[in-house]
Amino acid sequence: MKIRVLCIGSVKDSTVSECIARYAKRIPYYWPFEIVNLPDVKVGKSIDVQKQKELEGDRMLAEIGNGDFLLLLDERGRSYTSRQFADYLNKKGIDGNRNLVMAVGGPYGFCQRIYSRADGMLSLSTMTFPHELVRLFLVEQIYRAGTILRGEPYHHD
């Protein structure tokens, strides 16, 4: 199983970007891994929120293979403890050869076509966070899951 984190837009804060890169560099020790940053949709006065979500959805769908397992980051998704998330990733790896794509949407979330394509939803919190921080929290939790599964001393209960 390869894990791909698919994101709309780039990280503009260099400190956050460096932290994301630090964890992203460690994850391939546990799973094949990549982060894919898709370009922002240029917002003008003539584009409404729904149209923006549809254009972002087009970009995302172009990156998702038919056999990929798509997990959306959404506040309405399922919440896990770090250990439960590690077990979830372990089970996904054992269940088959499907790649796991974790999608972080744009500022207004996902269009209906993305929700329809999704195989599941993951919530990091019911709170709303900046998308840059969501990426950081997500890659840290993926790294943490790898250390938990290997019995390494990173995670403390």
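Predicted model: local features only at pLDDT ≥ 70, side-chain atom pairs only at ≥ 80, totals over all residues.
Local features need pLDDT of at least 70 and side-chain atom pairs count only at pLDDT 80 or more, while totals for chains, interfaces and linings use all residues. Residues are numbered from 1 along each chain as its sequence is written, and side-chain values use heavy atoms, with hydrogens and water left out.

The largest nonpolar core has 31 residues, of which Leu89, Met102 and Ile142 touch the most other members. A nonpolar core is a set of buried Ala, Val, Leu, Ile, Met, Phe, Trp, Tyr and Cys residues joined through side-chain atoms within 4.5 Å; buried means under 20% relative accessible area, exposed over 50%, and partly exposed in between (1.4 Å probe, protein chains only). At least two residues of this core come from each of strand E1 (3–8), helix H1 (14–26), E3, helix H3 (82–95), strand E4 (100–104) and H5. Helices (H or I, at least four residues) and strands (E, at least two) are DSSP runs, numbered from the N terminus. H5 gives the most to this core, with eight residues. Apart from this core lies another, of 13 residues, including Leu38, Leu72, Cys111 and Ile114. Beyond its neighbours within four places in sequence, Leu89 is in contact (heavy atoms within 4.5 Å) with Met1, Ile3, Trp31, Leu100, Met102, Ile142 and Ala145.

On a 1 Å grid over the protein atoms alone, a cavity is a set of points where a 1.4 Å probe fits but cannot get out, and a pocket is an open set with protein on both sides within 12 Å along at least five of seven lines; lining residues have an atom within 4 Å of a point. Grid points are joined across faces, edges and corners, and a volume is the space filled by probe spheres set on the points.

The largest pocket holds about 390 Å³ of space. It is lined by 22 residues, and Leu73, Asp74, Glu75, Thr128 and His131 are the closest to its centre. Strand E3 (69–78) and helix H5 (131–149) are the elements that give two or more residues to this lining, and E3 gives the most, with four residues. By class, the lining has 11 nonpolar, seven polar and four charged residues. Here Ala, Val, Leu, Ile, Met, Phe, Trp, Tyr, Cys and Pro count as nonpolar, Asp, Glu, Lys and Arg as charged, and the others, Gly among them, as polar.

The second largest pocket has about 160 Å³ of space. Among its lining residues are Tyr80, Phe85, Leu122 and Phe137, and H5 gives the most, with three residues. Six of the lining residues are nonpolar, three are polar and none is charged.

One cavity of 30 Å³ or more was counted. The largest cavity has about 30 Å³ of space, and its lining includes Ile8, Lys53, Gly105 and Phe110. H2 supplies the largest share of this lining, four residues.

Glu140 is found in helix H5 and is buried, with a relative accessible area of 11%. Its side chain makes a polar contact with the side chain of Gln141 (2.7 Å). A polar contact is a pair of N or O atoms within 3.5 Å; within protein, one must be able to donate a hydrogen and the other to accept it, and residues adjacent in sequence count only if both atoms are side-chain atoms. Lys42 is found in the loop between strand E2 (33–38) and helix H2 (49–61) and is exposed, with a relative accessible area of 73%.
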